[in-house]
Amino acid sequence: WTRVPIALWNASASVSPDCVAAHPNKTWVCGLAPALQQYVQTPFFMVQSVFDTHQLVVFNGVPEQWEDAGVQAYLKTYGENMHQLLEPYTQNSSRSAVFATSCPAHILPRNMVVNGVSLDEAVTC
């Protein structure tokens, strides 16, 4: 799904040349944090909703109502997998940081609080 935005937004010049060289047959993956992160040389701050409702519904086919036990089991596994994917970004705090919420949302409100820190506070120098 990242192929379209990179082409549509003419973002190919913003994609890491090192990442493109490492993935010559699927350069679109360079628009995704897991592939791109290893090529980022500057510190970065990732903001992610573990249960991004847009990703869950549109890309993973999860129904909008989550009362079903099967859906809840899927979401539990999905959340555990997301936490595992985010873990490497928290290991070297001088190089990167993660602000991840477990609230179901696609657009995070600026007053969202994680471990006592709001998103506004987290991005304020």
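Trainee: In what order do the elements run from the N terminus?

Mentor: They run α-α-α-β-α-α-β-β-β-α. Keep in mind that this is a predicted model.

Trainee: How many helices and strands is that?

Mentor: The secondary structure comes to 6 helices and 4 strands.

Trainee: And what share of the residues is buried?

Mentor: The protein has 125 residues, and 29% of them count as buried.

Trainee: What about the surface? How much of it belongs to carbon and sulfur atoms?

Mentor: The accessible surface is about 8,400 Å². Carbon and sulfur atoms hold 57% of that.

Trainee: Let's pick a helix. What does H5 look like?

Mentor: H5 covers residues 69-86, which is 18 residues. From first C-alpha to last, H5 reaches 26 Å. That is close to the 26 Å expected at 1.5 Å a residue.

Trainee: Which residues of H5 are buried?

Mentor: Val-71, Leu-75, Tyr-78, Gly-79, Met-82 and Leu-86. Looking down the axis of H5, these buried residues fall within an arc of 105°, so they line one face of the helix.

Trainee: Which ones are exposed on the other side?

Mentor: Ala-69, Lys-76 and Gln-84 are exposed there.

Trainee: Take Tyr-78. What does Tyr-78 touch?

Mentor: Leave out residues up to four places away in sequence. Then Tyr-78 touches Val-50, Phe-51, Gln-55, Leu-56 and Asn-60.

Trainee: New topic. Where does Asp-52 sit?

Mentor: Asp-52 is in the loop between E1 and H4.

Trainee: Buried or exposed?

Mentor: Buried, because its relative accessibility is 6% and the cut-off is under 20%.

Trainee: What does the side chain of Asp-52 join up with?

Mentor: With the side chain of His-106, through a polar contact of 2.7 Å. Beyond four places in sequence, Asp-52 touches Ala-105 and His-106.

Trainee: Now the strands. Where is Ser-96 found?

Mentor: Ser-96 is in strand E2. At 8% relative accessibility, Ser-96 counts as buried.

Trainee: How far is Ser-96 from Phe-45?

Mentor: Along the chain, they are 51 residues apart. Their C-alpha atoms are separated by 5.7 Å.

Trainee: And what is Ser-96 in contact with?

Mentor: Phe-44 and Tyr-89, leaving aside neighbours within four places in sequence.

Trainee: One more serine. Which strand holds Ser-118?

Mentor: Strand E4, residues 117-118. At 11% relative accessibility, Ser-118 counts as buried.

Trainee: What does Ser-118 touch?

Mentor: Phe-99, Arg-110, Met-112 and Val-113, not counting residues up to four places away in sequence.

Trainee: Last one. What share of contacts joins residues 24 or more positions apart?

Mentor: They account for 51% of the contacts with a separation of 6 or more.

Terms used: Residues are numbered from 1 along each chain as its sequence is written. This is a predicted model: local features need pLDDT of at least 70, side-chain atom pairs count only at pLDDT 80 or more; totals for chains, interfaces and linings use all residues. Side-chain values use heavy atoms; hydrogens and water are left out. Helices (H or I, at least four residues) and strands (E, at least two) are DSSP runs, numbered from the N terminus. The expected span of a helix is 1.5 Å times one less than its number of residues. Buried means under 20% relative accessible area, exposed over 50%, partly exposed in between (1.4 Å probe, protein chains only). The arc is that of the directions from the helix axis to the C-beta atoms. Contact means heavy atoms within 4.5 Å. Accessible areas come from the Shrake-Rupley method with a 1.4 Å probe; for residues, only the protein chains shown count as cover. A polar contact is a pair of N or O atoms within 3.5 Å; within protein, one must be able to donate a hydrogen and the other to accept it, and residues adjacent in sequence count only if both atoms are side-chain atoms.
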